[in-house]
Amino acid sequence: MRYYLEADTIIMNARVFTMDDLQPRAEAIAIKDGNIAYVGSEEEAFSWKGENTQIVDVNGKTVLPGFIESHTHPVEYGLNLLKLDCRPNETPSIGAILKKVKEKADRLPEGEWIRGWGWDDSRMTEKRNPTRWDLDKVAPNHPVILERTCKHMAVCNSKALEISGVSENTSSPDGGHIECEKGTGKLTGLVQEKAQGMIAVPQYKVKDIIKGMKLAQKDFAKWGITTVHEMGTQANYFRAYQEMDMNKDLQVRIRPWFWAIDQNGFQGYFDEVLALGIQSGLGDDMIKVQGMKFMLDGSVGGKTAAVEMPYENEENRGILYDNADHFSPFVKQALEAGLRVAIHGIGERAIEVAITAFERASTSVDIKKMRNRIEHCGLPTHDHLRRMKNLELIAASSIGFVYYLGDSYLKNLGEERVKRVYPHRYFKEYNIVAPGNSDLPVTGGNPWTGIYAAVNRKTISGQVLDETQNITIHDAIKAYTADAAYSSGEEHLIGVIRPSAKADIIVVSENPYEIDVENLIDINVEYTFLNGKLIYNQ
């Protein structure tokens, strides 16, 4: 019995799945000063009860560690909540998009930018991209830019192109593409990959970022997400996070990866971060620097991922941003400076360059314990998996894409290749840690969609992609908890329910281990605790 310490909160009458192999199940949890003080029987937990202890009876519901989203763009998501919502469920056709743009144009003074996000040609009625001519019809006097759901391309109207100085005479940048109409050579308004950086969209201010983040973190709490990896950190993002933290407004843990090189409209901070001597691990429990983020290719949905064989029914093999000889020195320099490296690589050609860069760096730096990552890691070969394991690389798998984007993957890759997309069964066989993610706002941020996809390999339309890469419910939940915590070297602090860990805890509506796997996607979060404090109550 403990008479000298009393818990702040005791969670009781619970079915606790701890994600801790030493103690997988429990009945109750005692929380003290934001940390977990005790996990185990209800009787023992009540030895921590004092006069001021809050008792939370969850009526036999399932309790899990707070989810960790290992690859997101929280600021982008927050800012998107301030933009026109052009996701297919909101705008299922180009006509519906144009209606929204016109309504916005009618309210804004001429010359002000109209921004939107989320359109997906594969899920819209017309099955094509919007064009500048479409947008010109409803907003000829406002510059307009609408980002595709994958964030790897955007469509602009004529006014936006004019302001940006982009014309038929403008050459596409290396690693990017300005689309022209076949036959006429006229700009369609579509800009892909690095060409997006040519559009002169005004930068958001810190106050705008904070406004968006306050909206975004409400959704994180509703989804049970208590930690997010920010995979495109800009200077103003970092400042906004710090201001929110200092003002006690931050309600999700932030794990920033600094954007390394100027690309896709994002400023690179490679030289600045190295010059300041910043290393991975700088920060505290709420904001902790992770390292540098690089990009090597695009997306499968937009057919810009650098695949080995052409996309179905065409000669296009995507866009590879860089080659190993030019790219490898950047990776080596970052690693030598004590910065972990995360490299966006979806197609085989991009993954090959990423692994080669790590292999070359490993000749002078011991990288095996650093937990470096390949982001998305969409189409690794068996040779890639073998080499990844040899270097102890982490596959930050965008398994959420299978649900939201799987139909376009099947169309663009074909039945055979799709059997090894985000291959969680192979990751497990090779003993490669593979945290799951959504790449929010590229897809929806609810982790249960990623867990559902990992278990069922089924798309939003109900199409089963394959029966090769399915994993168990337990392994799928681990991908969003313990495995994600491992990816940042915090497996003893977050993503697990054990004494001395942070009290980031969720209570969910159903026991995922007992319900039909088809119903995983319908599970709701009823309570979310961050540092032992209730931040969401359904």
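**A. Ile521, at 23% relative accessibility, counts as partly exposed.** The model is predicted: local features need pLDDT of at least 70, side-chain atom pairs count only at pLDDT 80 or more, and totals for chains, interfaces and linings use all residues. Residues are numbered from 1 along each chain as its sequence is written, and side-chain values use heavy atoms, with hydrogens and water left out. Partly exposed lies between buried (under 20% relative accessible area) and exposed (over 50%), with a 1.4 Å probe and protein chains only. Ile521 sits in the loop between β21 (505-508) and β22 (525-530). Helices (H or I, at least four residues) and strands (E, at least two) are DSSP runs, numbered from the N terminus. Which residues does Ile521 contact, leaving aside its neighbours within four places in sequence? They are Tyr403, Trp448, Thr449 and Tyr452. Contact means heavy atoms within 4.5 Å. Ile521 and Pro447 are 74 residues apart along the chain, yet 8.9 Å separates their C-alpha atoms.

Helix α14 (residues 447-456) is largely enclosed by the rest of the structure, because 10 of its 10 residues are buried. The buried residues include Pro447, Trp448, Thr449, Gly450 and Ile451. Tyr452, Ala453, Ala454, Val455 and Asn456 are also among them. Trp448, Thr449 and Tyr452 are among the contacts of Ile521. Arg457 follows α14 and has a positive phi, near 55°. The loop between α13 (424-429) and α14 holds Pro441. A cis peptide bond joins Leu440 to Pro441, with omega about 10°.

**C. Helix α9 (residues 324-336) packs on helix α10 (residues 348-361) at an angle of about 50°.** Two packed helices are described by the angle between their axes and the distance between the axes. Here the axes of α9 and α10 lie 8 Å apart. Axes are lines fitted to C-alpha atoms, for helices over the stretch in contact, and angles run from 0 to 180 degrees between N-to-C directions. α9 and α10 are therefore oblique to each other. Angles under 35 degrees count as roughly parallel, over 145 as roughly antiparallel, 65 to 115 as roughly perpendicular and the rest as oblique. The crossing of α9 past α10 is right-handed. A crossing is right-handed if the near helix is turned clockwise from the far one by less than a right angle, and left-handed if anticlockwise. From α9, Ala324, Asp325, Phe327, Ser328, Val331, Lys332 and Leu335 take part. They meet Val353, Thr356, Ala357, Phe358, Arg360 and Ala361 of α10. The contact residues are eight nonpolar, two polar and three charged. Nonpolar covers Ala, Val, Leu, Ile, Met, Phe, Trp, Tyr, Cys and Pro; charged covers Asp, Glu, Lys and Arg; the others, Gly among them, are polar.

**D. Helix α6 (residues 206-223) and helix α7 (residues 235-246) cross at roughly 65°.** Their axes come within 9 Å. α6 passes α7 in a right-handed crossing. Val206, Ile209, Ile210, Met213, Lys214 and Gln217 form the α6 side. The α7 side is Asn236, Tyr237, Arg239, Ala240, Tyr241, Glu243 and Met244. How many residues of the contact of α6 with α7 are nonpolar, polar and charged? There are eight nonpolar, two polar and three charged.

**E. Lys100 lies in helix α3 (residues 94-107).** Lys100 is partly exposed, with a relative accessible area of 21%. Beyond its neighbours within four places in sequence, Lys100 contacts Leu84, Asp85, Glu90 and Thr91. Cys86 is 14 residues from Lys100 in sequence, with 8.3 Å between their C-alpha atoms.

Asp33 is not a glycine, yet its phi is about 55°. Asp33 belongs to the loop between β4 (28-32) and β5 (35-40). Is Cys377 buried or exposed? Cys377 is buried, at 0% relative accessibility. Asp33 is exposed, with a relative accessible area of 59%. The phi of Cys377 is near 50°. Cys377 is in the loop between β19 (373-376) and α11 (382-391).

G. Of the 538 residues, 60% are buried. Among contacts with a separation of 6 or more, 74% join residues 24 or more positions apart.
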